[in-house]
Amino acid sequence: MTTGTMGMTGAAGTPGSTGKVKAAVLGVGQTRHRSKRTDVSMAGLCREAADRALGDAGLTFADIDAVVVGKAPDLFEGVMMPELYLADALGAVGKPLLRVHTAGSVGGATGIVAASLVQAGVHRRVLALAWEKQSESNAMWALSIAPPFSIQVVAGAGGYFAPHVRAYIRRSGAPPEIGAMVAVKDRRNGALNPYAHLQQPDITLESVRASAMLWDPVRYDETCPSSDGACAVIIGDEEAALASGRPVAWIRATAMRTEPTMFAGKDPVNPAAGAAAAADLWRKAGITSPIDEIDVAEIYVPFSWFEPMWLENLGFAAPGDGWRLTAAGETALGGKLPVNPSGGVLSSNPIGASGLLRFAEAAMQVMGTAGAHQVAGARTALGHAYGGGSQYFSMWVVSSER
């Protein structure tokens, strides 16, 4: 979906230039995520994130060449094609405006599309923005209806993914407390993040285990919240990055892969599309040992058991061994590979924005601007998103070094 035309502004002042251009994150902005943001409209929510990103980059809307927006299915709010009326709020009047949609991974895909426009030399500075205002509809209902020519999810996301978690536990032999350990880690990390929806510094293993069982084995405190929120990232070419005079996050590599929701031989515990995207990402970034070369990872973990599953899918651990990193404390702040120091999706889940938040938080880590949840010395970071029935995958590697 586009409005306007994708005119060739040309990187480094060369209209229609070809060849890959270096790109970097110039600024990041996000809203305070809450269960209900009744103080703002959808446009106001998006503008809040955009203004913060512009302020972080030291830019104005006049400096932005194009806007790329993304959100999850429109039924999540019941507003069809909302991008059509957001042009004014996002400073996109008279400029190219694209809508991206890849289910829950859409935030990550939005960041990658924006980066590709800069890397291809089409535009010099692009605003990527993703959001969700879940309080205005009901995601469980939206995921449970039977749309024409589509497979019905019936039980919402939790009911769909719980069997995958059970399969992982059976395959790996992971002890039952791993899910609770991830929940405690991420919620305590979220308490260090002033933008996080859930602020639970006193959460314990005992309180998680005592919470209600929703979809066996996923308990209430092991699942993500329903949030209103938005995230914005400004991506610029090398000239714009060097001229900014501020810390930037250089985009070393991006990757996207998809696979069908269901097909013969599909492995929902270790999806082929996710593994292929990760392999491509590491190859492009020149990384041969992710566990040794990535300083911090922001991974899309909507249910706590997905941390060990995705550690394996991404190549940080061998199949069946991801839970061992969690159990050993290696994914906690101060561990070998801190995972979701921001609190992750378990602390804030404005679905459309959740993937871009992972990308933005990874950028903040290498820019040194993550505040109380900053990982000391972070130079290389992973941002990861997945969506649909574990079928859409988007990820990038960012670095403090050009």
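The model is a predicted one, where local features need pLDDT of at least 70, side-chain atom pairs count only at pLDDT 80 or more, and totals for chains, interfaces and linings use all residues. Residues are numbered from 1 along each chain as its sequence is written, and side-chain values use heavy atoms, with hydrogens and water left out.

**Overall picture**

Let's start with the whole chain. The protein has 13 helices and 12 strands; these are DSSP runs numbered from the N terminus, with helices being H or I of at least four residues and strands being E of at least two. A compact globule of 402 residues would have a radius of gyration near 21 Å, and the protein's 20 Å agrees with that. That radius is taken over C-alpha atoms, and the globule rule is 2.2 Å times the number of residues to the power 0.38. Along the principal axes, the C-alpha atoms fill a box of roughly 55 × 45 × 45 Å.

Of the 402 residues, 59% are buried, where buried means under 20% relative accessible area, exposed over 50%, and partly exposed in between (1.4 Å probe, protein chains only). The accessible surface comes to about 14500 Å², with 55% of it belonging to carbon and sulfur atoms; the areas come from the Shrake-Rupley method with a 1.4 Å probe, and for residues only the protein chains shown count as cover. Among contacts (heavy atoms within 4.5 Å) with a separation of 6 or more, 77% are between residues 24 or more positions apart.

**Helix 1**

Helix 1 covers residues 42–57, and its 16 residues reach 23 Å from first C-alpha to last, close to the 22 Å expected. The expected span is 1.5 Å times one less than the number of residues. Its buried residues include Met42, Leu45, Cys46, Glu48 and Leu54. What do the buried residues of helix 1 pack against? They meet strand 2 (23–30), strand 5 (125–133) and strand 8 (228–237).

**Cysteines**

The structure holds zero disulfides, a disulfide being a pair of cysteine sulfur atoms within 2.5 Å. For cysteine 46, the nearest cysteine sulfur is that of cysteine 231, 11 Å away.

Asparagine 349 sits in the loop between helix 12 (344–347) and helix 13 (351–367). Its side chain has a polar contact of 2.8 Å with that of serine 354; such a contact is a pair of N or O atoms within 3.5 Å, where within protein one must be able to donate a hydrogen and the other to accept it, and residues adjacent in sequence count only if both atoms are side-chain atoms. Leaving aside neighbours within four places in sequence, asparagine 349 is also in contact with residues including Gln134, Cys224 and Tyr300.

Aspartate 186 belongs to helix 5 (residues 178–190). Its side chain makes a polar contact of 2.5 Å with the side chain of lysine 185. The C-alpha atoms of aspartate 186 and glycine 344 are separated by 6.5 Å, although they are 158 residues apart along the chain. Not counting residues up to four places away in sequence, aspartate 186 touches Glu307, Val339, Asn340, Gly343, Leu346 and Ser347.

| Residue | Relative accessibility |
|---|---|
| Cysteine 46 | 0%, buried |
| Cysteine 224 | 19%, buried |
| Aspartate 186 | 0%, buried |
| Asparagine 349 | 5%, buried |
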